[in-house]
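Hi,

Here is the structure I promised to pass on.

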Amino acid sequence: MTNLLEARDLAKHYRIPTSGFIFRKYKPLHAVDGISLAIEEKACFGIVGETGSGKTTLSKLILQLEQPTSGSISFEGENLSDFDRQKTMWYRTRVSAVFQDAGSSLDPRMRVRDIVAEPLRTHGKDLSRADIKSQTEKALQRVGLGAQMLARFPHELSGGQKQRVAIARALILEPSLVILDEPVSALDVSIQAQILNLLADIREASGLTYLIISHDLAMLYHLSTQIAVMYMGQIVEMGDTEEVFREPLHPYTRALFAAIPRPIPGRVKECPALSGEISDPLNPPPGCRFYPRCVIRSDTCTSKAPALTPAGASHSVACFSAHDAPRC
Amino acid sequence: MAGALATEADINELQCKLGKGRRRIPIGALILLAPLVVFGILGKWIAPHEIMGAPNTANALRPPVFMDGGTWTYLLGTDKLGRDLLSVLIVGARTSLIVCVVGVLFAGVIGIALGLLAGYFGKWVDNVIMRVVDIVMSIPGILFMLLLAAALGPGIKTIIISMGLLMWCGYTRVMRGEVLSIKERDFVAMAKVMGVSKPRILLRHILPSVGSTVIVMATLQAGGAMMMEGGLSFLGLGVQPPYVTWGRIIAENKSVITSAWWVPVFAGLLMTMAIWGFNILGDWLRDVLDPKMRRR
Amino acid sequence: MTGATGDTQRGNAALLSVEDLKTYVFTPGGIVRAVDGVSFSIKPGEAMGLVGESGCGKSMTCHSIIGLLPTAARTIGGKIVFEGEDLTAKPESELAGYRGKKIAMILQDPLMSLNPVFTVGNQVAEVFRLDDSHASKQTVTQRVVDILTRVKISSAERRLRNYPFEFSGGMRQRVVAAMAMARSPRLLIADEPTTALDVTIQDQFLRLLKEMQAESGMALILVTHNLGIVAEVCDSVAIMYAGRIVESGSVMRVYNEPAHPYTRGLMEALPVLGVRKKRLYQIDGEPPDLCGLPSGCHFHPRCAFATGICRREYPPTKELPGGGYAACWLLDERGREQ
């Protein structure tokens, strides 16, 4: 399998003004700090992280909404920073996105038919009106919406319908990679299942590759083939979903698994809750960033930052004492 | 929650009270703006008397028909120069209308364009434009008008230009604020992800969303423009004879407000109605242009 | 023990007994039957989960209990019996005495619940002063520090001077919880308290809630759409759909033997960590429009088991052999005949 998308030592730093009125002082915010990953064709790659993990910044970098401070992203083997205008436009037809809140990712003043057809109009200059109409209708059919939706405005649709429109728009140009940022978090449980099944069906039928970013581990467990856990801008654990779930190695991953509420009454949580809060991103701890909240701290953790090292066939973890974390 | 249990009748009554919908047609605004628009368009053709020509002081300051000494010939009386007040008001409506509408349009086009650019491109473009706004807004309006009048000569063109140059700042500030907030919305990010070009994003996504605010502003500005024109006339910087506007009528006849009150009062009444009508129109437009208010 | 539908005060045990509560919202588009005949009861110290999707009426039920409804909404029927007194029959002046003191509420967004221009210390102190307006500044400050420490805010003394924006989301929610518990209410209503929080922070907060509930013996109504949270925090649960409770009972019973098709559907629609599901069970259709509810059982358009009578009449509430109640024709002889 060739790698569809690869990131190498990707980093994005923002300069945040911290003090001073005339002579401003700045501090760097390491939103993404040294991420390397590889997404294979037809894979479903999940990225899980909480607030401050950098997962949203990562998606913006891949979508070229932001430029990396250092490191590189390559798509089908070609480096994104080498792309000229034309190549960038081509890239936009190969990679599309679905964002969390369909309510705000759809222009409230446009009708559904124009929203879904917009990628066609932007890239397919020679398409006739009839062509556009038929392709739009097909795209809606694919996501389970009928032609009566075409003339509606977003506020006339339910949450699930809006998300389906967003998916139809993302698929209309037949991209190779779709980035889904919290695709179902804003939806009701009964509708979530519909959309997740739809996404799975589409992926199977079209051989698409997904990159799903979410805080919902249960959803990622269900959908993804590989998973990466992010904490404060770095990947702390990564591998095949089954393996990572069967044996989570990083203390943060374990704490995350333990913290997720499960609909199993009477389940006793043996571990205490993860203590404290995420550290100040402007003053990250030296060495391992998870150190202040970790249960298996040692002195090496403050002096050196652990690198992502292999710990299994397709499993890597960034921790000096990976196998010593208590299980919950 | 006091006295919770309610009868069927109470429910219906509550529904009526709490569930009032919005009017479809802004009747109030239409009535109030009717004189301005109707007189403005039809003007000379419906005025009962000729108002050009030499002043006829013998005829001056006749009272309106409903007072002692009034006649049906001069329905609302006459002004200082002996002209029929009703005719003057009718003809003056046109100039008032033109000054308002064109002044607002002129200010709007400049203001909206600059506001869009400042908000969307940010950084130095934003800085430069906003500094210009700050400077223009600090110039005392009257001084500005005096200078312009001195440079261009008094007259209708000068007024429109000066109003335009003074009023555009408000639009720019508002537009910039709106663009800044819309810019961060997901659907703008999605447009970038799709590869839509910057100009097209500005026109197709940002402008329509901020458009309604601007239209409302424009209607309110129209009212302000009318008042500004009145003020200018007071200072003698307004339109010059033979043109006449409602503001000018008030200004010319301010000295007789205690004796021949009908002249400034009727003109002032029409001006008030127009400004009020613009305000109501603005509110109604804002509701109508919001797609969320459309019923399914 | 279980909360139950249709269970009028069985003796003195119930702290809160809601009977056939109806709250309607009057909108230009029609009357929204947000709460359409809801009944349940809670014993002192019990934690009940109120579960449902958006629009089911769970929030409106809570707001009805505490008496803080939006302008267009009115409670037009039913009883809310708290410690033996019917709150619906009381005037607003008396109800104000209950709020905060006997029945407290915390909401979803802590940023909205706290006033941004006052320090946290100031806001918590204000709550204490409601009970004791003449207490000295030292006493009040000490109590504020105590309660903030109890909700596990470290260096509480230093943090008194901080403003809400200087706290993280999880800590803000803890401040809100502290303010709610400051006057030792008998009942705490928590409306989606952790929806805006990260998973690990949510875990911390829920454990804290459980601890405080055990310590003070207060009852808890936890409103959420998350079935996992309910399983971990609550003793009993009531599932709401389109303004009514469709199933209720102990958490054990409802989760292990769900009786109502909607409950079953919800359980099977969830992806569960560690359980490999090929495909998630899908409840087709959309949540109903509360202005135009379907006739008969509100769930029938989406129910895989709907029959003729389901479309005509709303099912009666039946007591279940395992405990609790459900409103479904499948449980009634008349429904089974079809």
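To start with a term: a residue counts as buried if 20 or more other C-beta atoms lie within 10 Å of its own, as exposed if 12 or fewer do, and as partly exposed in between, with C-beta atoms placed from the backbone. This is a predicted model, in which local features need pLDDT of at least 70 and side-chain atom pairs count only at pLDDT 80 or more, while totals for chains, interfaces and linings use all residues. Residues are numbered from 1 along each chain as its sequence is written, and chains are lettered from A and ligands numbered from 1 in the order in which they are written.

P140(B) counts as exposed because it has 8 C-beta neighbours inside 10 Å. P140(B) sits in the loop that links α4 (123–138) to α5 (141–152) of chain B; helices here are DSSP runs of H or I with at least four residues, strands are E runs of at least two, and both are numbered from the N terminus. Between the C-alpha atoms of P140(B) and L166(B), 26 residues apart along the chain, the separation is 9.7 Å.

Now chain B as a whole. It has 10 helices and 0 strands, and 40% of its 296 residues count as buried. Among contacts in chain B with a separation of 6 or more, 72% come from residues 24 or more positions apart; a contact means C-beta atoms, placed from the backbone, within 7 Å.

Finally, the contact between chains C and A: chain C gives 37 residues and chain A gives 33. On the chain C side, α8 (199–216), α9 (227–233), α10 (251–256) and α11 (261–269) each supply at least two residues.

Best wishes

Technical notes:
Two residues are in contact if their C-beta atoms, placed from the backbone, lie within 7 Å.
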